[in-house]
Amino acid sequence: MASVTLRGIRKQFESNSVIKGIDLAIEDGEFVVFVGPSGCGKSTLLRIIAGLEDITEGTLEIGGRVSNTIEPAQRGIAMVFQSYALYPHMSVFENMGFALKLAKVPKAEIAERVGRAAAILQIGHLLDRKPKALSGGQRQRVAIGRAIVRKPEVFLFDEPLSNLDAALRGQTRVELARLHRELKSTMIYVTHDQVEAMTLGTRIVVLNGGRIEQVGTPFDLYERPANKFVAGFLGSPR
Ligand code: ADP
Ligand code: MG
């Protein structure tokens with residue numbers, strides 16, 4: 001587990017200012033959701049935390065270490081995207097173990113870690129299948145499994161459920177909550193879906209135009225929205 005601290009983070013693409021000064025302290029083991037409309041900078045912020053984007057201004061700390069002293073691969077971070085990007089020619093087992101194989105983890109340990117992750121995600125019976133023989137929900141679990149086997153300290157999720165139908169989204173939400181209870185890792189989850197945010201987050205960060213509108217528990221945001229934007233976006237009565 002690791003804390004993630006953002007201080008005065010700004011990001012510009014050419015002259016376009018996309019992240020306009022974000023200060024946020026995420027504690028060890030929290031499940032924080034970034035929610036906001038399309039284009040507000042959610043993915044950019046997540047990619048900054050993952051080390052996939054440079055920071056224009058400000059500092060990022062992961063586990064108390066300033067991020068620019070840590071290579072992206074050494075940050076203890078695993079990211080799950082909306083597009084699962086499984087390797088089509090590999091079995092589920094091989095897909096889940098691939099990063100470990102590259103890291104030269106011994107075969108027996110790969111088998112053990114993949115087996116444990118598959119059990120948590122209830123996909124143990126699918127390990128020999130190829131991705132094309134899986135449903136969308138099963139593919140998404142494999143993608144999450146690929147992250148789990150790496151034992152990250154921080155999980156980053158970028159709209160991981162948006163390709164699933166409503167029933168499956170609901171079910172996967174329940175599983176993600178269970179996963180968080182079991183692994184106790186820090187999880188940062190991005191969505192534009194208010195329901196997803198309110199049901200998953202122990203703390204929610206409402207973003208708009210590259211700025212934080214409000215940070216709070218689902219209860220705080222619903223009962224005491226800081227402004228009209230938050231109230232309107234989350235559909236609370238005020
Ligand atoms: P969200 O994930 O909330 O929909 P993004 O972080 O993807 O928003 O994008 C925020 C803004 O940054 C958008 O206006 C987008 O066009 C712009 N943007 C994102 N990535 C790049 C990039 N690599 N180059 C230029 N502009 C970008
Ligand atoms: Mg996005």
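Student: Let's start with Asp220. Which helix is it in?
Tutor: Asp220 lies in helix α7, residues 218-223. Helices (H or I, at least four residues) and strands (E, at least two) are DSSP runs, numbered from the N terminus.

Student: Where do the model and the numbering come from?
Tutor: This is a predicted model: local features need pLDDT of at least 70, side-chain atom pairs count only at pLDDT 80 or more, and totals for chains, interfaces and linings use all residues. Residues are numbered from 1 along each chain as its sequence is written, while chains are lettered from A and ligands numbered from 1 in the order in which they are written.

Student: New topic. What surrounds ligand 1?
Tutor: Phe13, Asn16, Val18, Gly36, Ser38, Gly39, Cys40, Gly41, Lys42, Ser43 and Thr44. A residue counts as near if its C-beta atom, placed from the backbone, lies within 6 Å.

Student: Which element gives the largest share of that shell?
Tutor: α1, with 3 residues. Both β2 (16-26) and α1 (42-50) supply at least two.

Student: Which residues of α1 are buried?
Tutor: Lys42, Leu45, Leu46, Ile48 and Ile49. They sit on the same side of α1, because they cover an arc of only 155° around the axis. That arc is taken from the directions from the helix axis to the C-beta atoms.

Student: What follows α1?
Tutor: Gly51, with a positive phi near 85°.

Student: Zoom out. How many helices and strands in the protein chain?
Tutor: There are 8 helices and 10 strands. Buried residues make up 37% of the 238 residues. The C-alpha atoms fill a box of roughly 50 × 40 × 30 Å, taken along the principal axes.

Student: What does UniProt annotate for residues 4-234?
Tutor: The unreviewed entry has "domain: ABC transporter" there. UniProt positions are given in the numbering used here, feature names are shortened, and annotations may be inferred rather than shown by experiment. In the model, that span is 37% helix and 26% strand. Its end C-alpha atoms lie 25 Å apart.

Definitions and conventions:
Buried ≥ 20, exposed ≤ 12 C-beta atoms within 10 Å, placed from the backbone.
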